[in-house]
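Reader: Hello! Could you take one part of this model and walk me through it closely, in a single connected answer?

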Amino acid sequence: MSEFISYSEQLAKQIHVLRLCLKDCGKGSVWERNPYLRSSKVKKSLVALHESIERIIPCLMLFTAQYTKEVKDTHAMQRFYHSYAFLYDFNDGIKKEEYDHLILIQNQEMLLKFQNFFYQSERILQDVKQTR
């Protein structure tokens, strides 16, 4: 059980970092966030976002496997998996460029995917804290 708690704490930290990176990508003027002109500040923010996503995916996989073994709430697990499945698309170069564009123009659908992921993550991590 302590290993499971460790996974959940690591995941919570990575989610926090991802949230900060996403917020940082939304900062700046419209000209700085222009997907075709991209200032160096925005490019650095996108690199930080990609690195955060690369770090969070292994945490999600470990947490998901352990959660399935420990808690066995399949409905919560399915909602959680579907909320973060889009993060795997960042590994595809074309999809990644498309997602970067959507993030920079503050596309509501893309931001809702992230918000849904953050919401489902908070719910599932709260359940883990309550079962301790």
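Author: Happy to. A word on terms to begin with: a residue is called buried when its relative accessible area is under 20%, and exposed when that area is over 50%. Please keep in mind that this is a predicted model.

Let's look at helix 5, which covers residues 108–131. At the start of the helix, a side-chain oxygen of Asn 107 comes to within 3.0 Å of the backbone nitrogen of Glu 109.

Which residues of helix 5 are buried? They are Met 110, Leu 111, Phe 114, Phe 117, Phe 118, Gln 120, Ser 121, Ile 124, Leu 125 and Val 128.

Leu 18 has a relative accessible area of 0%, so it counts as buried. From Leu 18 to Lys 69 there are 51 residues in sequence and 26 Å in space, C-alpha to C-alpha.

For a contrast, turn to Tyr 36, in the loop between helix 1 (2–25) and helix 2 (40–70). Its relative accessibility is 69%, so Tyr 36 counts as exposed. Together with Trp 31 and Leu 37, Tyr 36 makes a nonpolar surface patch of about 480 Å².

Note on methods: Residues are numbered from 1 along each chain as its sequence is written. This is a predicted model: local features need pLDDT of at least 70, side-chain atom pairs count only at pLDDT 80 or more; totals for chains, interfaces and linings use all residues. Side-chain values use heavy atoms; hydrogens and water are left out. Helices (H or I, at least four residues) and strands (E, at least two) are DSSP runs, numbered from the N terminus. The expected span of a helix is 1.5 Å times one less than its number of residues. Buried means under 20% relative accessible area, exposed over 50%, partly exposed in between (1.4 Å probe, protein chains only). A polar contact is a pair of N or O atoms within 3.5 Å; within protein, one must be able to donate a hydrogen and the other to accept it, and residues adjacent in sequence count only if both atoms are side-chain atoms. Patches are made of residues with over 30% relative accessible area and no salt bridge: like charges are joined within 9 Å, nonpolar side chains (Val, Leu, Ile, Met, Phe, Trp, Tyr) within 5 Å. Accessible areas come from the Shrake-Rupley method with a 1.4 Å probe; for residues, only the protein chains shown count as cover. A salt bridge is a side-chain nitrogen of Lys or Arg within 4 Å of a carboxyl oxygen of Asp or Glu.
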